Amino acid sequence: MTATPETIVSRPIARPLDGWLRVPGDKSVSHRSLMFSAIASGTSRIRGLLEGEDCLATANAMRALGVAVTREAEGDWRVVGRGLRGLEAPAAELDLGNSGTGMRLLCGLMAAQSFSSTLIGDASLSTRPMRRVINPLSAMGARIDSVDGHAPLVIHPAESLEGVNFEMPIASAQLKSALLIAGLYAASPTTLHEPAPSRDHTERMLSAMGAEVTRDGSTVRIAPCQRLEAVDIRVPADLSSAAFFLVAASLVPGSELTLEAVGINPTRRGVLDILEAMGADISLANPQTVGGEPVADLTVRGVTLKGARIPESLVPLAIDEFPVLFVAAAAADGVSEFSGLAELRHKESDRIGVMAAGLRALGVRVEEGDDWVRIEGGQLAGGTVDSHGDHRIAMAFAVGASVAAAPVTIGNAREIATSFPNFLELAGTAGLSVGPAA
Ligand code: S3P
């Protein structure tokens, strides 16, 4: 696989997108499969693991904690679990790179260990809010130092952790997962109340490994755990990566593209519902359950998308897909309105501000508030945009350019490698025209 260039150019395309594609493994499931296998008893085989930089950082962190993690073939990994209490003190800082999931989940895991550790990340990760995990973990007995609520996080050994009964202030699977992981090690049960559903991969995988995780409406509870059993894991293709092609094929007339074995977990499906509300034609075939996660082949056909008002209830279920959904709205007929988006300002970049600036640079009329966006659809112009090192923003503009009036140059695009290392190759296979800037 070739390295992703710093600046890319995406050009309008004349032909429809067609054929079959398999996008890489789900990022959320990949992180969890590495971390949970590391603390299970026995050896796990993971197939379809995403080999993007974020998950490779998690794999390296597990190695630094004394876990044998080996890549047997592309996407095919083996982890020799050390049991819940078998991790070793790392010799150096654990570098999670660009990954919020890596840092927040690992914070929950490290808080329960009998040794100290330090979690660091890149410039973007070092600006992202960590108090959301530090405060409730501290209430459980964890001892975590931060730089004003940000990484580096220095995690000291805790005497013991107690379970908590915690009202989550935000719908965040990273927060929920950090607390569930710490809850495995607590002396009493941990009960979490979610304000809205967030992705439940942690609950599914820990249950499959033998943890006692129960759900009652918006409440999830985990019991103290003595042992997790290693399991073989098949990682579904990532719906968040498939989303770029769902939008591209929807926008280009005459397209018919099938994306194979994509995860369609109900807590992730918001992008399908939002695109459907905009008039997209997406059909599901071959539904199966793979490793406890529902998957299906998705076939998408070109249509004229129309603007829509998107209900807030769908936001946590599509939280990573808004950059490309904003592009869909910008190229649709009519006005789209999105609300309840406050969390987007705390992602790999401020996804409201950076997307609004990029869309305006391409001639789109965009209004924004703290937590809302209004986009007038029409013809995108060519131009230059800055993705501010945000992988999903770079890929979203690569999709938008395919129906723009002229090429779009996209700066700070290298981070595409964090979640979708073969994006340029697959985009070419599907019929997009995107490559390094000359
Ligand atoms: C993730 C949860 C979401 C999402 C992120 C992956 C996870 O973050 O944006 O890309 O794997 O748990 P939040 O929990 O901050 O919403």
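Pro-152 is found in strand S9, which spans residues 150-156; strands (E, at least two residues) and helices (H or I, at least four) are DSSP runs numbered from the N terminus. The structure is a predicted model, in which local features need pLDDT of at least 70 and side-chain atom pairs count only at pLDDT 80 or more, while totals for chains, interfaces and linings use all residues. Residues are numbered from 1 along each chain as its sequence is written, and side-chain values use heavy atoms, with hydrogens and water left out.

The peptide bond between Ala-151 and Pro-152 is cis, with omega at about -5°. Asp-148, in the loop between strand S8 (143-147) and S9, has a positive phi of about 55° although it is not a glycine. Most residues other than glycine have a negative phi, and most peptide bonds are trans.

The ligand is surrounded by Lys-27, Ser-28, Arg-32, Thr-101, Arg-104, Ser-172, Ala-173, Gln-174, Arg-199, Ile-319, Asp-320 and Lys-347, a residue being near a molecule if one of its heavy atoms lies within 4 Å of it. By class, this shell holds two nonpolar, four polar and six charged residues. Here Ala, Val, Leu, Ile, Met, Phe, Trp, Tyr, Cys and Pro count as nonpolar, Asp, Glu, Lys and Arg as charged, and the others, Gly among them, as polar.

Helices H1 (27-38), H3 (100-110) and H5 (173-185) each supply at least two residues of the shell. The most comes from H1, with three residues. Domain 1 (8-22 + 236-436) and domain 2 (27-223 + 230-234) each contribute at least three residues to the shell; the domain bounds come from an automatic or database domain assignment.

A polar side-chain atom of Asp-320 lies 2.5 Å from a ligand oxygen. For a backbone N or O atom, the distance to a ligand oxygen is 2.9 Å at Gln-174 and 3.0 Å at Ala-173. The protein covers 96% of the 390 Å² of accessible area that the ligand has on its own, by the Shrake-Rupley method with a 1.4 Å probe.

Definitions and conventions
Polar contact = N/O pair within 3.5 Å; in protein donor to acceptor, adjacent residues only side chain to side chain.
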